[in-house]
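Here are a few notes to read alongside the model.

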Amino acid sequence: MDPITLNDPAMNKLTTIESHFLQQQKLYPEVNAEVIDLLHDVAFAAKLVRREVVRAGLADILGLTGSTNVQGEEVKKLDLFANEKIICAIGQHGRFAIMGSEENDSIIIPPKNETGNYALLFDPLDGSSNIDVNVSVGTIFSIYRIKSEDPGNASLADCLQSGAEQVAAGYVIYGSSVVMVYTTGHGVHGFTYDPTIGEFLLSHENIITPERGKYYSANEGSWAQLNDGTKRFLDYLKEEDAETGRPYSTRYIGSLVADFHRNLLTGGVFVYPATKKHKQGKLRLMYEANPLSFICEQAGGRATDGERRILDIVPEELHQRTPLYIGSKEDVLVAEEFEQGKR
Ligand code: AHM
Ligand code: MG
C-alpha cells in the first residue's frame, strides 16, 4: 500500500517558534544548542508574564497588586511579579549560572546554577509607568556566556561584559498583540503570540530597519533639562526639508521597548540623552541599551551614547546608566554630529 501524504497549505505558512529554532540551528550550527534552549525558556516565561499583564486592568476588581487575594496571599505589583516569575521559570532549568535584573540591587544566583554556562540580564517589565493605564510594556533580555570555568563560581564579573559579547538578546512587547523579537547575531526575527493555541508564530522574518526614518522619539517635556546639542537636533528634525523627509513626526510612548519596536519596523530615532536630572542618561546599559543595540545593529541600524558605540562600552557596574541614541543609521549619525558639536 502507498503511504498517505497529507498536505495542508495553511499549515505550511505557519512556523512555530520551535520549528524556526530548528531551522536556525541547521543554518547556523555555530549557535550553541544551549542558547536555543535559553530562548525557549524566555518565551515560556513571557507567556506567564503575559497572562498577568492582560488582566492588569482587573486589579481593583479582583483585589490585585499590593492587597491580599482570595487565597489569602499578598499580590505583588506587576513588575515585581514579572521579575519573580522570570527568575523562577527560567532559573529552574539550571541553564543560567547567574542573573541580573533591573529590579534587584545585586546579582541573582538561580537555585540550580551548577551546570549553566550563561548569564541572563533583564528588565522584567519595562515602561512601568504605563502598566496601570493599558499602554504597552515589555520584557527586555540579554544573554552572555560566562567567563568562569565553574558555573558554581559565577560572579558579578560574568555579568559585566560589554554588549558586543552578547550571544543572544531580545524583547517581548505586551501590546495590542504580544510579540517576541530576538537575535543570536544572525538577523532579527519576530513572533506574534497566538493565544488560541498558546504558541509564538513567526510573523516578522529577518527584520531590516529603514536607513532613515520618519519618526523621532524623545521626551521633549524635559526641554529645559536638555543640552544644546540635543535641542538643536530636535529642532533640526522639525524643520522642513523635502530631501531628508523632514519634518519628522513625534512618537513617544514612554515605554522604551514599545518606542523601539515601532521605530525598528517603521524607521526612526529614539533619543534619551544625558540631562540635568539624569547626568549619565536614564536608561540602563545592561538591561535596556545593550540588548536593544544588538538587535538594532543586526537589523541594520545604529546605537551610540553620542560618542561611542553602545556595544563597545565596558560596563563597570550592573545598574550603569547610559545616554542612548538608537534607530535608523542615517538618523543616529546626524544625532551624533549634533551631540558632538559638529553641527
Ligand atoms: P522603567 O524601567 O522604570 O520603566 O524606566 C525606563 C523607562 C523607559 O521605558 C522609557 O523609555 C523611559 O523610562 C521614559 O522616561 P521618561 O518618563 O523620563 O520619558
Ligand atoms: Mg526599563
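1. Asparagine 134 sits in the loop that links β2 and β3 (137–145), where strands are DSSP runs of E of at least two residues, helices are runs of H or I of at least four, and both are numbered from the N terminus. The phi of asparagine 134 is near 65 degrees, a positive value in a residue other than glycine. Most residues other than glycine have a negative phi, and most peptide bonds are trans.

2. Please look at the cis peptide bond between arginine 246 and proline 247 too, with omega at about 5 degrees. Proline 247 belongs to the loop between α7 (228–238) and β9 (249–250).

3. A word on conventions: this is a predicted model, with local features needing pLDDT of at least 70, side-chain atom pairs counting only at pLDDT 80 or more, and totals for chains, interfaces and linings using all residues. Residues are numbered from 1 along each chain as its sequence is written, chains are lettered from A and ligands numbered from 1 in the order written, and side-chain values use heavy atoms, without hydrogens and water.

4. Which residues come nearest to ligand 1? Of the 15 around it, they are Glu102, Asn219, Tyr252, Leu256 and Tyr272 (near means a heavy atom within 4 Å). β2 (118–126) and β10 (268–272) each supply at least two residues of the shell.

5. Oxygen atoms of ligand 1 have polar side-chain atoms of the protein beside them: asparagine 219 at 2.8 Å, lysine 282 at 2.9 Å and glutamate 288 at 3.5 Å. The protein covers 79% of the 470 Å² of accessible area that ligand 1 has on its own (Shrake-Rupley method, 1.4 Å probe).

Key: Polar contact = N/O pair within 3.5 Å; in protein donor to acceptor, adjacent residues only side chain to side chain.
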